[in-house]
Amino acid sequence: MNIYKDRLWLALLTGMVSLLMGFCEFYTWRIGWHPGSSPWNRESLLHASDIPAVLLLGAATFLALSLVMKQAGALPAFSLHLELDGRPTDSPFALIAALLLLAWMPFFLVFYPGTGMNDTTDIMRAGIWATGQHTFIYCMFIYGLTQASDMLFHTTSYGLAAASLIQMVLFACGISYCLSWIYRRTGRLWITVLLTLYYAFLPLVANMSFSNVKDVLFSVTILLWIPLVTSFVSGYRENAWEANKRLFILAGLGMMLLRNNGIYVFIVMLMGLVLLMKRIRMNLLLTGLVMIAVSMTPDVAIKQILNLPQLFQERVGIPLQQFSRAVAVGVPLTEEEKAYSVKMMIPGRIARWYDPFTVDLIKWNSDFDFYYFNSHPDDFWKAWKSVGKRNKELYVEAWLFATYGYWAFPAPDEMTQSRFCWAFSENDLKNGLSPDHNNAYKTADIHTFFKKDIQEELGHYLWDHSRYLGAGTCLWITLCIGLLLFYRRQYSRFLVLLPACLLWGTLMIATPAAFVYRYVYFFPLCMPFFLLLPFLPEGKYGTTKWADTVILPRKPVENPLLQDDPLKGDGYTHWKD
């Protein structure tokens with residue numbers, strides 16, 4: 001097609017993405033829109049006869065993507081409004097934050113003192129000992145507030161309510177910062193108003209705001225990477241480092257401190273920024289290294305002092321699922337493999353409990369030898385490799401099932417830790433929330449602020465409508481936006497999409513379940529900005545086109561004392577001489 005003239009590499013890249021999407025489209029149809037465990041806990045998935053259908057769907061997807069890129073690529077970008085220059089924390093930041101909190105507050109009161117899952121009450125009871133599974137800073141946030149409340153008022157409900165409110169304020173401020181930033185970059189008030197309505201009234205976002213799970217605050221830090229990276233690579237300010245260093249520190253520390261896999265994503269992002277931002281690479285590198293040390297110190301120190309290494313079973317969800325599938329479908333095992341399986345979990349019990357879409361039914365089963373498995377990792381790897389050599393296709397199928405929700409186009413899952421509408425009761429806070437209630441509905445009973453019928457009406461509205469596009473659908477939309485960036489020659493802006501893509505990649509390596517939507521809460525937050533990204537204006541001091549990047553000369557310095565010694569290391573965003 002003409003759009004690929006002299007750009008064969010873009011045609012090949014689009015073709016590869018289209019082929020993968022065709023694969024996912026076909027196997028979404030094959031596995032099902034609302035898949036159940038049966039028959040896929042036994043039935044084979046991949047067949048050579050599927051290849052023609054996959055290729056046909058890939059070709060159709062390639063044509064559709066090419067047409068969309070041609071049309072969207074012809075749309076003009078927004079013009080840069082210099083008269084709106086200022087900090088994103090200037091007006092309308094406070095107004096937007098207040099409107100968001102006002103929109104979310106009735107739902108918080110319906111589910112007072114907040115919602116969450118069994119991990120929340122585990123942290124409340126275990127405190128610092130929970131850092132073997134969760135990050136130190138989030139454990140101290142929940143544990144500190146609830147323990148202080150227990151000491152002062154003999155109930156942890158006030159502490160959990162405080163945690164919910166603090167999270168709501170931080171959540172609103174993070175979103176408001178990005179909306180104020182987009183207003184100053186585009187000068188379009190109508191865009192800011194529409195996005196404010198999106199974040200204020202999308203039920204899933206309102207539900208997220210008071211759900212006491214670490215993924216909420218983590219996701220808003222991922223949102224902050226959008227204005228950060230876009231500002232860096234687009235040259236909105238003359239001195240890129242001075243204009244963005246505080247946001248870089250905040251977003252980077254949030255990424256690393258709020259989720260265990262965040263540090264790996266940060267390191268990749270730091271390397272990308274150091275490569276692109278030639279004039280400020282030392283500032284980025286030195287500050288980034290200090291941030292890595294700061295973020296690692298609490299978790300490493302606590303885990304070493306208390307001897308709390310991350311559980312081995314938490315790191316090998318997919319390999320354990322692959323081994324379990326091989327046992328469940330009845331592949332022949334050697335005596336050594338059979339002996340290991342008996343020690344880990346009796347094969348008959350594995351066959352009974354195996355679910356292709358989650359490993360939790362195995363690794364948290366009462367018949368699973370928790371202590372043996374975690375203390376003998378080498379034995380597991382030996383058995384896993386031995387079985388896998390003879391059953392490569394089976395292992396691929398197990399991986400596809402275990403990650404199904406993250407690559408396919410299934411119906412959005414609303415049950416598996418995807419929305420949280422169980423208001424904690426005093427019994428839950430004292431004895432711990434049952435995992436069965438992670439995906440259940442109950443409004444407040446500790447304190448009620450509305451009449452019963454109004455409370456239930458609001459509660460059911462949030463419960464029934466807290467849904468979004470599936471994780472896999474969001475991923476493919478993100479990659480298509482990346483292709484559009486390449487088509488528009490905005491190559492360095494792909495770095496804005498990279499945190500979401502990298503986090504998705506970590507799920508494809510180690511997710512414990514195929515439909516845990518809280519792991520990708522960043523998609524509902526980031527998607528509107530991703531869609532706007534190709535049309536954001538170019539900055540006064542930069543260009544996002546790798547092939548055409550030039551250095552813009554500074555205006556002559558009027559001070560005669562500086563005439564003979566031009567400024568160096570001026571912090572321009574241009575990285576290629």
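**Exercise 1. Cysteines**

Classify Cys-173 by its relative accessible area: is Cys-173 buried, partly exposed or exposed?

*Solution.* Cys-173 has a relative accessible area of 28%. Buried means under 20%, exposed over 50%, and partly exposed in between, with a 1.4 Å probe and protein chains only. Cys-173 is therefore partly exposed.

Before going on, a word on the model: it is predicted, so local features need pLDDT of at least 70 and side-chain atom pairs count only at pLDDT 80 or more, while totals for chains, interfaces and linings use all residues. Residues are numbered from 1 along each chain as its sequence is written, and side-chain values use heavy atoms, leaving out hydrogens and water.

Now find how many disulfides there are.

*Solution.* Step one is the rule: a disulfide is a pair of cysteine sulfur atoms within 2.5 Å. Step two is the count, which comes to zero. Step three looks at two cysteines. For Cys-173, the nearest cysteine sulfur belongs to Cys-178 and is 11 Å away. For Cys-474, it belongs to Cys-526, 10 Å away. Cys-474 is buried, at 0% relative accessible area.

**Exercise 2. The nonpolar core**

Find which residues touch the most other members of the largest nonpolar core.

*Solution.* Start with the term: a nonpolar core is a set of buried Ala, Val, Leu, Ile, Met, Phe, Trp, Tyr and Cys residues joined through side-chain atoms within 4.5 Å. The largest one has 155 residues, and Ile-175, Tyr-199 and Phe-248 touch the most other members. Helix H9 (residues 214-234) gives the largest share, 13 residues; helices are DSSP runs of H or I, at least four residues, numbered from the N terminus. Another core, of 22 residues, lies apart and includes Val-316 and Phe-373.

Next, take Tyr-199 and list some of its contacts beyond four places in sequence.

*Solution.* With contact meaning heavy atoms within 4.5 Å, the partners of Tyr-199 include Trp-104, Ile-175, Leu-223 and Phe-529.

**Exercise 3. Two loop residues**

Locate Thr-155 and name the residue whose side chain makes a polar contact with its side chain.

*Solution.* Thr-155 sits in the loop between helix H5 (136-153) and helix H6 (157-186). Its relative accessible area is 11%, so Thr-155 is buried. The partner is Glu-426, at 2.9 Å; a polar contact is a pair of N or O atoms within 3.5 Å, where within protein one must be able to donate a hydrogen and the other to accept it, and residues adjacent in sequence count only if both atoms are side-chain atoms.
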